[in-house]
Amino acid sequence: ATPTALMVGTARAANMGVLIKNGEALQEASDIDTIVFDKTGTITNGKPVVTDVIGPRKEILQLAASLEDSSEHPLAQAVVAAAKADKLDLTAANNFKAIEGKGVSGSINGQEILIGSEKLFADGNISQEISNQATALQKAAKTVVYVGKNGQAVGLIAIQDAPKPTSKEAMAALTKRGYHTVMLTGDNQDVAQAIADQVGISEVIAGVLPNQKADEIQKLQSAGRKVAFVGDGINDAPALSVADVGIAMGSGTDIAIESGSIVLMQNDLRGVVKALEMAKKTFNRIK
Ligand code: ADP
Ligand code: MG
């Protein structure tokens, strides 16, 4: 493409709310065959809400919120909001620790409290009954946060984060244009698959720890794929940098916006379709 064509392509994209940082990004984007999406805040609204509590509701919510009050994770905010809605008083917590990609721990009234995914619990410390309830909720696209006392799960909190209304349309347009779509998330496999089914994503890579997201992108690249990664979080920054094209949500964290070479100002995945179309037009890749 000529320098003028590049400028025109970039300006037209900007008019549609798609910021392309440089001509190289536009060129790379014309060559992509696989698009990998973060889940929370990218495919979904990123505004999780507590829907179910299994176990003694008051105790479970109080313990969880008392600890989550010190966490900045979106799931933590949902738990604290639910406790407030129930007018529960929070208890002082000591030794708060965030366990990245898994949950939080701390002590409350001398008991060791664990809040988070199954990865926090040793084999056998989640009863069959709690585990069965969890599976049913996860298959209904709800993220399960277990609440543990002294290592043993005593209940769980189910949290729902709905897909953005435009995500499904964006996936359909990308699939129709021949792109392979992938979801990459730290959440559980059943939850990820349920949301992938709702929006029409072909492949799911779940249970990935934050520091492994970039490795998953590199694995796809080693298999010969040209990969765009779309994300919004602090822990998406390495994957945004490693991908052939990093696409950040404009509502995302500063570091994600900094790491991407394309930014979607409208926080709407239809912007990915627009960016890739504009790239193909500019580089005459539309047959
Ligand atoms: P994502 O890839 O969806 O952004 P994360 O890597 O942040 O997810 O977290 C992965 C999983 O770890 C969550 O689905 C949840 O089960 C658990 N988790 C992480 N942080 C917390 C927290 N503060 N409270 C409860 N659960 C948490
Ligand atoms: Mg996210």
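Strands β7 and β8 (residues 152-160) run antiparallel and are joined by 8 bridges. One spot to look for is Val145, which stands opposite Ile157 in β8. Both strands belong to an open sheet of 6 strands, and the protein chain has a second open sheet, this one of 7 strands. Keep in mind as you look around that this is a predicted model.

**The antiparallel sheet**

- Going across the 6 strands, the order is β3-β8-β7-β6-β5-β4, and the pairing is antiparallel.
- At the edges you'll find β3 (49-54) and β4 (94-99), each pairing on one side only.
- On average, neighbouring strands here are turned by 20° against each other, if you ignore direction.
- Helix α6 (residues 128-139) lies across β3, β7 and β8, and runs at about 10° to β8.

**The mixed sheet**

- This open sheet lines up its 7 strands as β1-β13-β12-β11-β2-β9-β10, with mixed pairing.
- β1 (18-20) and β10 (203-205) each have a single partner strand, so one side of each is left without a neighbour in the sheet.
- Neighbouring strands in this sheet are turned by 20° against each other on average, again with direction ignored.
- Strand β2 (residues 34-38) pairs with strand β9 (residues 180-184) in the parallel sense, over 5 bridges.
- β2 also pairs with β11 in the parallel sense, this time over 4 bridges.

**A closer look at β11**

- Is β11 mostly covered or mostly open? It's mostly covered, with 5 of its 5 residues buried.
- Val227, Phe229 and Gly231 point one way from the strand, while Ala228 and Val230 point the other way, and all of them are buried.
- β11 pairs with β12 too, in the parallel sense and over 4 bridges.
- Within that pairing, Phe229 stands opposite Gly246 in β12.

**Helices on the mixed sheet**

- Helix α8 (residues 189-199) lies across β9 and β10, running at about 150° to β10.
- Helix α12 (residues 270-282) packs on the sheet as well, touching β1, β2, β11 (227-231), β12 (245-249) and β13 (262-264).
- The direction of α12 makes about 45° with that of β1.

**Two domains**

- Where the two meet, 12 residues of domain 1 are in contact with 13 residues of domain 2.
- Which element gives the largest share of domain 1's side of that contact? It's α8, with 5 residues.
- By class, the residues on the domain 1 side divide into 6 nonpolar, 4 polar and 2 charged.

**Around ligand 1**

- Ligand 1 is surrounded by 21 residues, and the closest are His73, Gly116, Ser117, Gly186 and Asp187.
- Which domains does this shell draw on? Domain 1 (3-45 + 162-282) and domain 2 (49-160) each give at least three residues.
- Several elements supply at least two shell residues each: α3 (39-43), α5 (74-85), β5 (103-108), β6 (111-116) and β7 (142-149).
- Sorted by class, the shell has 6 nonpolar, 11 polar and 4 charged residues.

- Ser241 is found in helix α10 (residues 237-242).
- Why does Ser241 count as partly exposed? Because it has 15 C-beta neighbours inside 10 Å, and a residue needs 20 or more to be buried but 12 or fewer to be exposed.
- Neighbours within four places in sequence aside, Ser241 is in contact with Gly246 and Ser259.
- Ser241 and Met278 are 37 residues apart in sequence, and from C-alpha to C-alpha they are 21 Å apart in space.

Technical notes. Residues numbered from 1 in each chain as written. Chains lettered and ligands numbered in written order. Predicted model: local features only at pLDDT ≥ 70, side-chain atom pairs only at ≥ 80, totals over all residues. Near = placed C-beta within 6 Å. Nonpolar A, V, L, I, M, F, W, Y, C, P; charged D, E, K, R; others polar. Domains from an automatic or database assignment. Pairing = 2+ DSSP bridges. Axes fitted to C-alpha atoms, helices over the stretch in contact; angles between N-to-C directions. Contact = placed C-beta atoms within 7 Å.
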